[in-house]
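Some labels used for a structure rest on cut-offs.

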Amino acid sequence: VTGGDDALVLMPTGGGKSLCYQLPALARQRAGNGVTIVVSPLIALMRDQVLALHELGIEAAFLNSTLDPHEFEETRRRMLAGEITLLYAAPERVTNVNFLVDLATLHDAGKLALFAIDEAHCVSQWGHDFRPEYRGLTVLHERFPDVPRIALTATADALTRKEIAANLDLGQAKQFVSSFDRPNISYAIEEKKRARDQLLKFIRESHGGESGIVYCLSRKKVEETAAFLADHGITALPYHAGLSPAVRQRNQDRFLREDGVVMTATIAFGMGIDKPDVRFVAHLDLPKNIEGYYQETGRAGRDGEPAEAWMVYGLQDVVLQRNMLEGSEAGAQHKQVLRGKLDALLALCESTHCRRQQLLAYFDEPSEPCGNCDNCVNPPDTWDAGREARMFLSCIYRCEQNFGAGHIIDVLRGKETDKVHRFNHWNLSTWGIGAEVTEQQWRAVQRGLVARGLIYQDTEHYNVLRLSGGWREFIKSEEPFELRIAVKKAKPARKKEALPEDEAALTPDQELLFEALRSWRKQQADERALAAYMIFDNKTLRGIARMRPNSPEQLAEVKGVGQTKLETYGPAVLELVAAEPVGQGGA
Ligand code: ZN
């Protein structure tokens, strides 16, 4: 890209995606090529992105509607003068006629260095973040064919990848697909019973006082869950599109800048959120597909330290997602694609094998069992419910697809209810053939069948069960039907490997200094209206606490302390280190 070629970059969150355009932008600016235009849909986050770059001593700016007319004109002037290295703008602005005129001016002056198109999956109509205006970005290539382009995304299965290349006219671009694995995130999916209580227990037992995100499907549930957590002493804030922009911004700022805030949100929250120390992402409702799930869970643990992706899932989620899909306006072919994507997600939920292996396989990446997911750490006991699944299907068939699950199970178990007598169902060949199977096991069979698309619940007709997909073929086959026996307590142990030196525990002395540095950092962050990690992240503070530097040269050796930060914060940090006594910690 620095040399002027196009690229399509797929990299998981936290993999260094931004560096892929920031470094070429710097290099091209220094070589006299001028300004890099960064296309990003995330207006609410542009200010933070730009502030973080300023902290690193890089000339960055944004153009969007949050600027007042004076600031806007000033930024525009600096852009046209080629003074800015990275300029952030939304796709609507970039494709706007006036802006294109400005770009042409820049281009004529030889000052248009690069187009970086971030969150490129927004161009895909199959994705969960489709933005029609992304389609218009081909105009950049048409007008300025000699300016290199780099498109980036953290999530894209094979289909989305193809769409990005086609719709952004990047067919000739070199593709860089890095591993999608996020080894520090452990995955767990539990059966949904009392979701909120399960969530509370999860947070209290594993993540007290830590930052996390809880995803819910509806605004109402977001509000209720945030209130529930707050009632139980957890700092939880709501975030959804129904809140006023001011409240949303305030909650987002608190989440980014304070320690230990839990954001309860719809999927409206999170894209581009660059908070490194999110320790968990919890799903109380099923996401739309694996790409969405991966994108959302990927917001945990960007600092590389252990983090958890936790989800509860139950039959009602499956029914809801299926109905939303079938009831949508989408055309038949579109629905087919969406169905396939939902099935892949359900298979992940029902899986009794390594979750990560299955996730990575979805992104065409082969891998071995990971040792860091619920199924690896605590392999579920499974049974082959093939016989029971076939019984269930034939019972629905015998009952003429006219009854709900409760009745089907009653017939299978030979329970003499009024309904059974009224319809003479004790006469059926499937009457009582599954008496030894518990009601709970039958429910698991039902859920498995729904998840595999062999039956569905007709919500427009009293929730009766209907047969679908390849149910006939399945009955005739000898295909096994693996189900987990019961959900054992699934608490994935964090990977126990020897920690490298820079992650090893601090001594009591170092711990004291670390805490002192943290409170200094908080004060700095408040004064400068920055997020704490933009000043120094925890790893860097720990590095300082370990080294106890006594000169700027020593301080500069700590990972994460660059020239600009050394100049801005070096004197204060050295003063603080010198003032913190050694040898008191153990006392
Ligand atoms: Zn695993």
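Q: Where do E205 and K201 lie, and how many residues apart are they?
A: In this predicted model, both lie in helix α8 (residues 195-206), 4 residues apart, which is about one turn of the helix.

Q: What makes the meeting of E205 and K201 a salt bridge?
A: Their side chains come to 3.8 Å, N to O. The cut-off is a Lys or Arg side-chain nitrogen within 4 Å of a carboxyl oxygen of Asp or Glu, so the pair counts as a salt bridge.

Q: Why is K201 called partly exposed?
A: K201 has a relative accessible area of 46%. Partly exposed covers values between under 20% (buried) and over 50% (exposed), so K201 belongs there.

Q: What links E191 with R447?
A: A salt bridge, with the closest N and O atoms 3.5 Å apart. The pair joins distant parts of the chain: E191 is in strand β8 (residues 185-191) and R447 in helix α19 (residues 439-451), 256 residues apart.

Q: Is R447 buried or exposed?
A: R447 has a relative accessible area of 14%. Buried means under 20%, so R447 is buried.

Q: Why is E191 called partly exposed?
A: E191 has a relative accessible area of 22%; buried would need under 20% and exposed over 50%, so E191 is partly exposed.

Q: Why does M324 count as partly exposed?
A: M324, in helix α12 (residues 315-327), has 39% relative accessibility. With L217 and L320, M324 forms a nonpolar patch on the surface.

Note on methods
Residues are numbered from 1 along each chain as its sequence is written. This is a predicted model: local features need pLDDT of at least 70, side-chain atom pairs count only at pLDDT 80 or more; totals for chains, interfaces and linings use all residues. Side-chain values use heavy atoms; hydrogens and water are left out. Patches are made of residues with over 30% relative accessible area and no salt bridge: like charges are joined within 9 Å, nonpolar side chains (Val, Leu, Ile, Met, Phe, Trp, Tyr) within 5 Å. Accessible areas come from the Shrake-Rupley method with a 1.4 Å probe; for residues, only the protein chains shown count as cover. Helices (H or I, at least four residues) and strands (E, at least two) are DSSP runs, numbered from the N terminus. Buried means under 20% relative accessible area, exposed over 50%, partly exposed in between (1.4 Å probe, protein chains only).
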